[in-house]
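Reader: Could you take me through this structure slowly, and tell me what each term rests on?

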Amino acid sequence: MRSIRSRLLTILIASTGLVWLLAVAWIYVSTQAEVERVLDARLTEAARMVNSLLAERRIEIALPDVGDLPATEFQIEDPSYERQLSCQIWSLDGRLVGRSEHAPGDRLTDADNGFSESVVDGETWRVYAIENVALGVRVMVGDSMAVRNRLVGDVVKGLAIPAALILPFLTGVIWVSVRRGMSPLVRMAESLSSRSATDLRPLPDENLPEEIAPAVHALNGLFRRVEDAREREKSFTAFAAHELKTPLAGLKTQAQVALASQDGEVHENALRQIAAGVDRTSRLVRQLLDLAAIEATDRTPELQEARLLELVRRVAAETLSAERRVRIEGSEDASGRLDPVLVTLALRNILENAICHSDGQVSVSIGETSAGIEIVVEDEGPGIPVDDLPRASDRFFRGRTKCSSGSGLGLSIAKEAVARMGGTLILRNREPRGLSAILSIPTLTE
Amino acid sequence: MRILVIEDDPMLLDGLSAGLGLAGFTVDAVATCEDAFAALETHSYRAVVLDLMLPDGSGLDVLQSLRRRRDATPVVLLTARDQVEDRIAGLDAGADDYVGKPFDLDELAARVRAAARRGAGHASAVLEWRGVVLDPAGQTVNAEGKPIALTRREFGVLRALMERPGATVSKAVLEETLYGWQEEVESNAVEVHIHNLRTKLGTSFIKTVRGLGYRLAEEQA
């Protein structure tokens with residue numbers, strides 16, 4: 001059942017019905033007991049009354065000593081007993097000496113005294129018998145069980161009929177009130193469905209019912225995040241366009257210089273600049289794509305069991321030109337489950353940064369910590385001025401001691417790649433000179 | 001005409017130096033705000049080409065500090081941020097023109113010339129004096145309708161004089177105009193250029209003001 005309203009309705013109606021049923025059952029049982037008690041008392045009383053009336057001779061019957069006369073029909077004056085109670089008076093030797101108007105002709109019970117139940121002419125009777133030894137008679141007063149049961153049935157019916165009548169009404173009331181209760185939800189849905197795709201304004205969150213407030217807050221939170229992501233994407237596109245325009249302007253200018261200049265040296269320099277510029281621009285494009293790949297919100301890390309030393313060697317080999325060497329240290333069996341794409345991106349950009357800023361030795365060491373792995377890249381360059389350290393891995397931040405091919409993206413790519421893996425990138429100046437970049441990446445070792 | 005180019009991208013800076021040099025400018029090239037401040041304090045330029053995004057700050061800071069010092073040197077902004085609001089912000093901060101990247105080198109040169117011309121209070125694009133017409137854009141000189149072939153430096157000296165007709169221009173100013181930082185100035189270079197110009201335009205065209213410099217000679221009485 002998909003509709004909350006129908007579900008609520010079903011639950012409410014079913015439980016109301018069940019409660020009612022239980023109540024009816026309970027009342028049925030207790031009424032029966034009560035009716036039995038009260039009517040039994042009435043039987044006793046009636047029997048005693050008949051007995052005492054007999055004793056006082058207020059009921060004329062043929063007494064046993066009179067002989068074999070037909071049984072007298074007598075009337076008990078109290079009319080309310082008349083219909084329901086049947087009374088028989090038997091002589092102790094087993095003759096019917098008197099009976100009430102509608103009482104059956106057969107003996108109501110075989111018991112001598114007290115309560116008993118018996119079937120006479122297919123009808124069940126509850127009978128109370130009392131023996132009057134002085135008169136030599138036995139008085140039996142019986143109640144038809146059918147009558148008793150009808151009484152109990154009437155009580156239950158009196159309960160069930162209003163219930164059956166009220167239930168549809170209750171259904172209506174529940175239906176309407178559930179609908180009213182759900183109206184804030186409906187309003188929210190309407191306001192959301194009438195929105196355009198770009199409208200990410202938060203939903204109003206004042207005077208909200210307690211139950212809906214969390215949903216609205218969560219939704220507003222989602223809106224904020226989507227908006228942020230969209231802003232990031234927008235600013236990323238703007239940044240990318242901006243960053244590409246400068247090298248393009250450089251290329252065009254150099255091309256125009258090459259075209260315009262007659263001077264062989266100027267001409268050649270311009271062409272060399274163009275060649276180098278194309279390399280640099282393609283690296284910038286690659287970095288922008290890397291950044292876009294890292295930023296892609298739907299990318300889930302693809303964890304693979306990787307041997308770190310191998311990975312680092314491969315990245316170093318891809319990054320370095322032939323004349324530059326990197327010292328790589330680390331245990332052969334350092335390994336872990338990690339995303340090799342992200343590790344490669346982070347490491348490559350840090351290595352490029354180190355090589356760009358340092359003519360000296362660049363070294364990479366791989367270590368394992370309790371939380372994962374740690375890759376430390378150290379160079380012998382000028383390091384980063386303390387003031388700039390916090391900004392060094394900001395996007396497009398380029399230090400003053402820049403290397404000519406830097407785009408200002410490398411460290412920010414590394415930082416974001418590491419952050420994606422749940423790790424950290426720490427930049428620290430070394431003594432007496434150089435920078436050390438510490439990548440801590442949590443892994444799941446097997 | 002000596003100009004300052006401030007641009008942090010090394011390839012573009014190199015291209016601008018070479019390209020604007022070919023267009024007849026003497027180019028000083030710097031890559032940071034800091035260097036730009038130093039250059040602007042020690043030299044006077046006819047125009048400044050300024051990139052907005054610099055490693056140690058915004059080009060707008062350079063522009064604003066220039067204008068605060070009541071320095072009216074024409075400034076052409078050069079930037080990849082060429083949205084309307086960026087252009088408005090740049091012009092309102094005191095820039096004279098705005099060129100978006102990537103640009104055409106010839107157009108940039110023309111805009112720098114136009115800015116420099118307006119800065120110097122000229123309305124006309126060509127300079128004229130006693131039948132000699134100098135076209136800074138085409139880098140040509142005509143005397144009585146006939147083209148005169150001049151070297152780049154000779155052209156620079158003539159232009160410097162023709163931009164301020166009647167005013168005396170010192171040798172130092174002429175050297176400043178002709179040579180950028182990296183270039184070595186020979187001690188008698190200006191004299192040599194003046195001599196050559198007199199040969200090509202007539203000896204009475206440029207007058208030597210002893211101890212002060214040179215100026216264009218008035219109509220001969």
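**Helices and their contacts**

Author: The buried residues of helix α5 of chain A are A:A270, A:Q273, A:I274, A:G277, A:R280, A:L284, A:Q287, A:L288, A:D290, A:L291 and A:I294. This is a predicted model, in which local features need pLDDT of at least 70 and side-chain atom pairs count only at pLDDT 80 or more, while totals for chains, interfaces and linings use all residues. Residues are numbered from 1 along each chain as its sequence is written, and chains are lettered from A and ligands numbered from 1 in the order in which they are written.

Reader: What makes a residue buried?

Author: A residue is buried if 20 or more other C-beta atoms, placed from the backbone, lie within 10 Å of its own, exposed if 12 or fewer do, and partly exposed in between. The buried residues of α5(A) pack against α4, α7 and α8 of chain A, together with α1 of chain B.

Reader: Why is α2(B) called roughly parallel to α3(B)?

Author: Helix α2 (residues 33-42) and helix α3 (residues 59-68) of chain B pack at an angle of about 25 degrees, with their axes 10 Å apart. Angles under 35 degrees count as roughly parallel, over 145 as roughly antiparallel, 65 to 115 as roughly perpendicular and the rest as oblique, so α2(B) is roughly parallel to α3(B).

Reader: Which residues make the contact between them?

Author: From α2(B) come B:C33, B:A36, B:F37 and B:L40, and from α3(B) come B:D61, B:V62, B:S65 and B:L66, where contact requires C-beta atoms, placed from the backbone, within 7 Å.

Reader: How many residues of chain B are in contact with chain A?

Author: In chain B, 19 residues are in contact with 23 residues of chain A, and helix α1 (residues 10-22) of chain B gives the most to that side of chain B, with nine residues.

Terms used. Axes are lines fitted to C-alpha atoms, for helices over the stretch in contact, and angles run from 0 to 180 degrees between N-to-C directions. Helices (H or I, at least four residues) and strands (E, at least two) are DSSP runs, numbered from the N terminus. Two residues are in contact if their C-beta atoms, placed from the backbone, lie within 7 Å.
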